Amino acid sequence: MGLLEYPRSCVGLYSGYAMGCIQSISCKSKVFRESISVIEVKASIDPIPTSIDESSSVVLRYRTPHFRASAQVLVPPIPKKETWIVGWIQACSHMEFYNHYGEQGMSSWELPDLLDGKIQAISDSDGVNYPWYGNTTETCTIVGPTKKESKFNISMNDNFYPSVTWAVPVSESNVAKLTSIHRDQSFTTWLVATNTATNEMVTLQTIKWRMRLGIEVNPSRPLGQRAKLQEPSAQEQPQVLSKNEPIPPSALVKPNANDAQVLMWRPKDGPPLVVIPPKHR
């Protein structure tokens with residue numbers, strides 16, 4: 001992407017009137033920062049239940065409803081030769097992801113540093129465009145100097161679509177033993193403007209959201225009739241906070257949650273085993 005090109009995420013970018021203050025020599029960067037405004041912000045979780053897919057004899061799949069966030073942002077004229085990016089940054093602050101296999105034990109996806117309290121939250125970036133959640137609809141780049149204000153929409157969405165083995169993951173047997181799935185994750189999503197040269201960051205909006213689910217499984221039943229969704233059938237709607245929360249440093253850097261997570265096997269008896277180690281060491 002060339003610096004003079006607006007990415008396709010800058011939906012509805014247009015020029016308006018020039019703000020005289022910004023054009024004057026006396027204007028400070030603080031005035032510019034405080035003039036970046038959010039015209040509208042929306043956040044929701046689709047009001048549909050999690051769907052369950054038993055089409056595979058090897059894994060159970062489920063798909064949660066989507067979290068969606070969108071914002072319309074107004075950036076004043078940029079007086080200098082500098083680049084600003086406005087976009088979404090997301091971090092996971094809590095994760096419980098347990099797959100129970102009756103009396104044998106459970107598998108657990110874990111984020112060790114988060115679990116041990118070493119960090120407040122872990123980046124949920126796409127793993128390429130740190131610290132941003134993504135770089136298509138999720139961000140907009142404005143290259144200065146600009147004589148006019150810029151107005152644009154940015155949006156993001158997130159959901160879970162994992163696969164869970166019917167059989168115990170550390171067993172050579174392929175006999176279905178899965179009895180339940182429990183998942184409870186919390187996220188903070190920030191709308192942020194940042195100066196690419198100075199790394200100055202302005203937090204424009206903070207959103208909190210949570211995804212919970214429970215699935216009961218009867219492994220003795222025929223494939224296609226084993227799993228049943230438990231409460232909640234509908235998710236709590238996100239909270240758009242009236243006061244912004246600071247972004248923890250760990251939410252802005254590697255590793256992201258996908259690269260840091262580890263799959264553990266925790267038997268009822270005996271020591272835990274690492275099934276899948278983290279990608280990031």
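Residues are numbered from 1 along each chain as its sequence is written. Because the model is predicted, local features need pLDDT of at least 70 and side-chain atom pairs count only at pLDDT 80 or more, while totals for chains, interfaces and linings use all residues; side-chain values use heavy atoms, without hydrogens and water.

The average pLDDT of the chain (the predictor's confidence in each residue, from 0 to 100) is 90. A score of at least 70 is reached by 89% of the residues. Residues 1–9 fall below 50. Where pLDDT is low, predicted coordinates should not be read in detail.

The chain contains four helices and 17 strands. These are DSSP runs numbered from the N terminus: H or I over at least four residues for helices, E over at least two for strands. Of the contacts with a separation of 6 or more, 75% link residues 24 or more positions apart. Buried residues amount to 46% of the 281 in the chain. Buried means under 20% relative accessible area, exposed over 50%, and partly exposed in between (1.4 Å probe, protein chains only).

The largest nonpolar core has 50 residues. Such a core is a set of buried Ala, Val, Leu, Ile, Met, Phe, Trp, Tyr and Cys residues joined through side-chain atoms within 4.5 Å. V73 and V86 touch the most other members. Strand β13 (residues 201–217) gives the largest share of this core, eight residues. A second, separate core has nine residues, among them A121, W132, V192 and I247.

V217 lies in strand β13. V217 is buried, at 8% relative accessible area. Leaving out residues up to four places away in sequence, V217 touches L60, W166, L178, T179, S180, R226 and A227. K177 is 40 residues away along the chain, with a C-alpha separation from V217 of 8.9 Å.

L223 sits in the loop between β13 and β14 (227–229). L223 is partly exposed, at 35%. Beyond four places in sequence, L223 contacts E54, S55, S56, S57 and W166. From L223 to A176 the C-alpha distance is 9.6 Å, across 47 residues in sequence.

D46 occupies the loop between β2 (37–45) and β3 (51–53). D46 is buried, with a relative accessible area of 18%. Its side chain makes a polar contact with that of R68 at 3.0 Å. A polar contact is a pair of N or O atoms within 3.5 Å; within protein, one must be able to donate a hydrogen and the other to accept it, and residues adjacent in sequence count only if both atoms are side-chain atoms. Outside four places in sequence, D46 touches P65, H66 and R68.

A cis peptide bond joins G144 and P145, with omega about 5 degrees. P145 is in the loop between β9 (139–143) and β10 (150–158). The bond from K254 to P255 is also cis, with omega near 0 degrees. N199 is not a glycine, yet has a positive phi of about 65 degrees. N199 is exposed, at 60% relative accessible area.

How values were computed: Contact = heavy atoms within 4.5 Å.
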